[in-house]
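Open your viewer, have the sequence panel ready, and follow along stop by stop. Each stop tells you what to select next and what is there.

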Amino acid sequence: MAVHYPRRSLLTLAGAGALAGVAGPLLAGCGDGAKRDVGNAGKDLVPWPTYVPFSGPPPDAPGDANGVQPLYLTYPQQVVRSVNDTVGDGSEVTAMVITYGAPPRPVEANRFWQAINKALNVNLRIVVVPDAEYSQKMTTLMASGDDLPDIIMFSQLALPRAAEFVQAQCADISDLVGGDAVRQYPNLANIPTRAWQAMGRISGRIYGVPLERPAPGNSLFVNRTALNQAGVPVDWDTEGYLAAMRKVTGGRRWGIGGSKSLFGGSGAIAYHAGSLGAPNQWRVDGGKFVSTLTTGQYEEALGVMRRLAEAGAYHPDSLTLSATDLQTFWHSGTVVSISDGFGSVAPNTLAKINGRFQLDLGRPYGPAPTPWRGTGFFGHVAFKKASPERIAMLLRICNYLSAPFGTAEYELATFGVEGVHYTKNANGVAPSALAGVENNTNLPVKYIGVAPAVLYLPGHPEAARAVHEWEKAVLPSSVADPAVGLRSATQSSKGAELNRIVGDAVSAIVFGRKPLSAWQDAVIQWRQAGGDKLAEELAAEYAAAR
């Protein structure tokens, strides 16, 4: 279904690239002339939503407090319903979300979309924006300040003044989900508290629903078949890792691949920095925030990446590939490893690999690793200001799409319609050919609401066991980013610039345009551009939150 907005709407502004450069000033007042303090220091804090876990089917292997997920090798024989009341009011609901897949079929020819609309009792009209374009689209959307979609998905992009925009233009849902109020939305109450904390409050209030993710952060996905053929063991040290990447590189195959988005932030270096013991973004020392950029371990990780590039182990287009193109190279075996978010441990990943190789995750290679934990959420959804009744209805939509593993609602949102998009057999859920084009990757309703993750890979029990073993080996020594969920005016206004300084320096050093010694100059530039101020603000917020 085509989505039509008025002249100054999202789709018009999406082509107005000139606006992207002036988005900061436009957002300064957020459309109402008000100067906004989005910090939480000194504010009355709404309680986090009460956590009420879903009592689901027993797993084959349990999770634990370190973040190891419950493992399911087979699908539950019986599922329950978690939503018994009518969700929507029959109205049209618009949403804008990111996508990493192909454009969806129009609703008239898309039985998955039709089934979702029927279950939700709304006419859901979704604008899907490719990941490479999402930052620009969000910037221009926020610059417009009007004709907003009902539901806006915010990823973890460092968008200028995003919190100020949300406070000005989106609904404060504190009274609907804060504390015990969330019990009226049982599937939202099942979202772990850590995900709400990772999303954070704005001026003490709650303005969105988090899209939960497991504890592991950016991880090294490896082609275990290629590594086994090269005689590479599961455990390796630094020199062993470098030797392995050199050994599997040759012809039209490379040891590791990167992308423009990975090298634009911390994604490309996360595995290496964590392997070598660098703190996850920040370390709290006596109440002060110390940046990982200033540590010797981080610089050592840069050195390892540079040695990879010098050996020719990186795919030559690693600085320009989109995340989607990099995934294609990974699935085909053109690159033997990539850094990616842990969410890519998923059935659709294995479907795209299509039996070419065995999926596994790389263990850290340093002597005292501090693997970086994820934020605990992929992003969050916020809602355009509306009447209390409409906001409650939008929350019911999120509640339905957040239904947990073991429910009928989860089956629909994850797999589609039984007998159309999947069947069940002794091995679990088997997707049909139609599911290859009609799914929640191409129509990513999972970015409106998503179940808390469990480890279940239908038809691939050995891959699931391998990932579970990796989690048990890696997560006990993993470390969290203490800044997750905290507000900072500097992060809001200068986060993109600070990320650019880091990303530019990392790519220049790794690929030989600058010497490794240039890193210290980049750190000075980062600190002067706002890094020191950012550290001060995070320390104040950290103290207030406790």
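Start by selecting strand 6 (residues 219-223) and strand 9: four bridges join them, and they run antiparallel. Strands count as paired here if DSSP finds at least two bridges between them. The strands (E, at least two residues) and helices (H or I, at least four) are DSSP runs, numbered from the N terminus. Now click on Phe221; its bridge partner in strand 9 is Ile338.

Before going on, note that this is a predicted model, where local features need pLDDT of at least 70 and side-chain atom pairs count only at pLDDT 80 or more, while totals for chains, interfaces and linings use all residues. Residues are numbered from 1 along each chain as its sequence is written, and side-chain values use heavy atoms, leaving out hydrogens and water.

You now have an open sheet of three strands in the order 9-6-10, with antiparallel pairing. Strand 9 (337-340) and strand 10 are the edge strands, each pairing on one side only. From one strand to the next, the twist averages 30 degrees. Next, show helix 14 (residues 323-332), which packs on this sheet and touches strand 6, strand 9 and strand 10. Contact means heavy atoms within 4.5 Å. The direction of helix 14 makes about 140 degrees with that of strand 9; such angles run from 0 to 180 degrees between N-to-C directions, with axes fitted to C-alpha atoms, for helices over the stretch in contact.

Five strands form an open sheet in the order 3-2-4-11-5, and the pairing is mixed. Which strands stand at the edges? They are strand 3 (123-130) and strand 5 (209-212); each has a single partner strand, so one side of each is left without a neighbour in the sheet. Select strand 5 with strand 11 (residues 377-383) and you will see an antiparallel pair with four bridges. Within this pair, Pro210 has His380 in strand 11 as its bridge partner. Helix 4 (residues 134-144) packs on the sheet, touching strand 2 (92-99), strand 3 and strand 4 (151-155).

Now look for rings. A search of the whole structure finds 26 aromatic pairs. Rings of Phe, Tyr and Trp (its six-membered ring) pair if their centres lie within 6.5 Å; planes under 30 degrees apart are stacked, over 60 edge-to-face, and the rest tilted. Select Trp236 and Tyr241: their ring centres are 5.1 Å apart and their planes stand at 80 degrees, so this pair is edge-to-face. Both Trp236 and Tyr241 are buried, which is the word for under 20% relative accessible area, with exposed over 50% and partly exposed in between (1.4 Å probe, protein chains only).

Move to Phe415 and Tyr422. With centres 5.8 Å apart and planes at 55 degrees, this pair is tilted. Phe415 is buried at 12% relative accessibility, and Tyr422 is buried at 3%. Ring pairs link Phe415 and Tyr422 with Tyr72, Tyr75, Phe405, Tyr410 and Tyr456 into a cluster.

For the last stop, is Ser203 buried or exposed? Ser203 is buried, with a relative accessible area of 18%. Find it in the loop between helix 8 (193-199) and strand 5. Although Ser203 is not a glycine, it has a positive phi of about 50 degrees. Compare Asn354, also not a glycine, with a positive phi of about 55 degrees. Asn354 is exposed, at 59% relative accessible area.
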